[in-house]
Amino acid sequence: ISAMNTTSEGAMGNSNYKSSDKGWFRSLFVHKVDARKDAHSNLLSKKETSNLYKIQFHNVKPECLEAYNSLEAEVQNRLHQDQDYPCEVVGSWNTWYGEQDQAVHLWRYRGGYPALTECLKKLNNNKEYLEFQKERAKMLVSRRNQLLLEFSFWNEPLPRPGPSIYEMRTYNLKPGTMIEWGNHWARAIQYRQENNEAVGGFFSQIGDLYVVYHLWAYGSLQSREETRNSAWLKEGWDANVHYTVPLIRSMESRIMIPTTSSPLQ
């Protein structure tokens with residue numbers, strides 16, 4: 001009897017599992033993504049602007065963070081004032097919640113890879129900048145960067161007054177799912193414009209691949225909670241979450257405070 005019950009329960013469990021499994025798979029492909037013979041960077045990015053972005057993560061020695069921010073601000077201001085360098089800082093922040101003693105910088109290169117190459121060549125021949133790098137290196141524990149493109153359906157990040165806190169949400173996607181992600185978010189972004197919170201959306205090109213960054217601005221942590229909760233009251237937002245969650249391998253949220261020199265305040 002025991003064996004029969006076990007077999008019966010196993011069969012019922014398998015039946016329920018298969019039924020549930022089929023429903024789960026069906027839910028993934030309700031919005032069919034057409035197969036296209038092109039790189040996702042060409043399908044999802046803003047071709048008319050050809051902007052290339054670089055994001056930098058600098059982990060700073062705790063006792064050096066204030067000096068580091070001052071040094072970075074000085075160098076950024078000099079680069080902005082010099083028209084020979086085709087680059088501009090979009091925003092600079094210190095992480096408040098997330099990895100501590102961390103600085104995050106987002107740079108824009110108008111003109112794409114040629115502008116990046118031109119800028120790097122000039123900086124490598126700039127003695128003052130090389131001295132800055134040596135001084136900065138003394139303050140750092142580690143650093144990493146990535147090259148990004150911006151999604152065509154997001155607003156271009158532009159300077160804004162503060163005070164604001166910023167949330168950077170990082171999504172590590174399953175390989176091969178970037179176009180599907182873009183298809184869903186091209187519709188979903190309309191639900192997140194009410195409080196002017198959407199700052200920019202990017203996906204990686206060089207560095208860790210299949211990584212998405214969404215950048216949001218809020219007046220406070222309380223404002224963040226209220227704005228996010230209001231999205232769930234809008235018909236359609238829940239469907240976006242339902243269809244995009246299975247595309248994600250891991251995700252992270254940083255709450256960041258802009259530095260005094262950041263164009264995004």
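The sulfur of Cys-119 has its closest cysteine sulfur in Cys-87, 3.4 Å away, which is too far for a bond. Keep in mind as you read that this is a predicted model.

Let's stay with this cysteine pair for a moment. A disulfide is a covalent bond between the sulfur atoms of two cysteines. To count as one here, the two sulfur atoms must lie within 2.5 Å. A search of the whole structure turns up zero disulfides.

How accessible are the residues discussed in this report? The table gives the values for four of them.

| Residue | Relative accessibility | Class |
|---|---|---|
| Cys-87 | 7% | buried |
| Cys-119 | 1% | buried |
| Leu-44 | 6% | buried |
| Trp-96 | 36% | partly exposed |

Now to Leu-44, which sits in helix α2, spanning residues 40-44. Leu-44 counts as buried because its relative accessibility is 6%. Which residues does it touch, leaving aside neighbours within four places in sequence? Leu-44 is in contact with Glu-150, Phe-151, Ser-152, Met-178, Ile-179, Gly-182 and Phe-203.

Trp-96 belongs to strand β2, which covers residues 88-97. Together with Tyr-97, Leu-221 and Ile-257, Trp-96 makes a nonpolar surface patch of about 360 Å². Trp-96 counts as partly exposed because its relative accessibility is 36%.

Definitions and conventions
Residues numbered from 1 in each chain as written. Predicted model: local features only at pLDDT ≥ 70, side-chain atom pairs only at ≥ 80, totals over all residues. Heavy atoms only, no water. Patch = residues over 30% accessible without salt bridge, like charges linked within 9 Å, V, L, I, M, F, W, Y side chains within 5 Å. Areas by Shrake-Rupley, 256 points an atom, 1.4 Å probe, with all protein chains shown as cover. Salt bridge = Lys/Arg side-chain N within 4 Å of Asp/Glu carboxyl O. Helix = DSSP H or I, 4+ residues; strand = E, 2+ residues; numbered from the N terminus. Buried < 20%, exposed > 50% of the residue type's maximum accessible area, 1.4 Å probe, protein only. Contact = heavy atoms within 4.5 Å.
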